[in-house]
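Hi,

Here's the structure I promised to send over. Have a look at it first, and then read on for what turned up.

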Amino acid sequence: MAGNMTFTIIKPTAIKNNYAGAILKMINEAGFVIKALKFTRISKTQAAAFYAVHEGKPFFKNLIKFMSSGPIITAILEKENAIEDFRELIGATNPENAKEGTVRKLFACSMTENAVHGSDSDENAQIEADFFFNRLEIYY
Ligand code: GDP
């Protein structure tokens with residue numbers, strides 16, 4: 001899927017606050033096509049595996065506690081220049097620094113509870129998509 005795919009998670013607080021529909025609408029209106037979609041939840045162990053790169057950082061424990069605290073929506077998205085364009089759409093990791101009109105500016109509560117995840121490279125998009133979806137669950 002290199003080049004034109006990214007992977008996203010709508011995080012627990014955004015689901016709890018009923019922002020999922022608005023966020024998916026923004027994603028579609030920005031030109032992303034949904035290739036796979038799942039409403040699910042993950043355990044602390046699974047969240048720690050997903051965010052293993054951050055293990056040992058001061059925010060790690062809170063992050064995995066939060067990510068396992070309630071249901072999430074995961075999706076694979078297709079668009080030219082998907083990684084960069086999606087990160088532009090969602091805004092900075094810290095919502096205080098996110099541009100006006102971005103998903104995180106509109107829907108994040110804090111740096112940890114920042115509404116959505118977006119892959120940072122083609123390689124990670126593939127790894128993250130594989131974490132949540134099998135081939136039968138992806139529309140080619
Ligand atoms: P992203 O690619 O913008 O999601 O950011 P990262 O991959 O660097 O971090 C993963 C997630 O960990 C972020 O989306 C935040 O929820 C959280 N996070 C990252 N850095 C910090 C931090 O310095 N403080 C806190 N509280 N959370 C952080």
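Before we start, one term: a residue is called buried when its relative accessible area is under 20%. By that cut-off, Phe50 and Phe132 are both buried. Keep in mind that this is a predicted model.

Now the overall picture. The protein has 7 helices and 4 strands, and along the sequence they come in the order β-α-α-β-α-α-β-α-α-β-α. Its radius of gyration is 14 Å, which agrees with the value near 14 Å for a compact globule of 140 residues. Of those 140 residues, 43% are buried. Among contacts with a separation of 6 or more, 77% are between residues 24 or more positions apart.

The whole structure holds 8 aromatic pairs. One of them is Phe50 with Phe131, edge-to-face, with 5.4 Å centre to centre and 75° between the planes. Phe50 sits in helix α3 (residues 44–50) and Phe131 in helix α7 (residues 122–132), so this pair ties together parts that are 81 residues apart in sequence.

Finally, Phe7, Phe50, Tyr51, Phe131 and Phe132 form one aromatic cluster.

Cheers

Notes: Residues are numbered from 1 along each chain as its sequence is written. This is a predicted model: local features need pLDDT of at least 70, side-chain atom pairs count only at pLDDT 80 or more; totals for chains, interfaces and linings use all residues. Side-chain values use heavy atoms; hydrogens and water are left out. Helices (H or I, at least four residues) and strands (E, at least two) are DSSP runs, numbered from the N terminus. The radius of gyration is taken over C-alpha atoms; the globule rule is 2.2 Å times the number of residues to the power 0.38. Buried means under 20% relative accessible area, exposed over 50%, partly exposed in between (1.4 Å probe, protein chains only). Contact means heavy atoms within 4.5 Å. Rings of Phe, Tyr and Trp (its six-membered ring) pair if their centres lie within 6.5 Å; planes under 30 degrees apart count as stacked, over 60 as edge-to-face and the rest as tilted.
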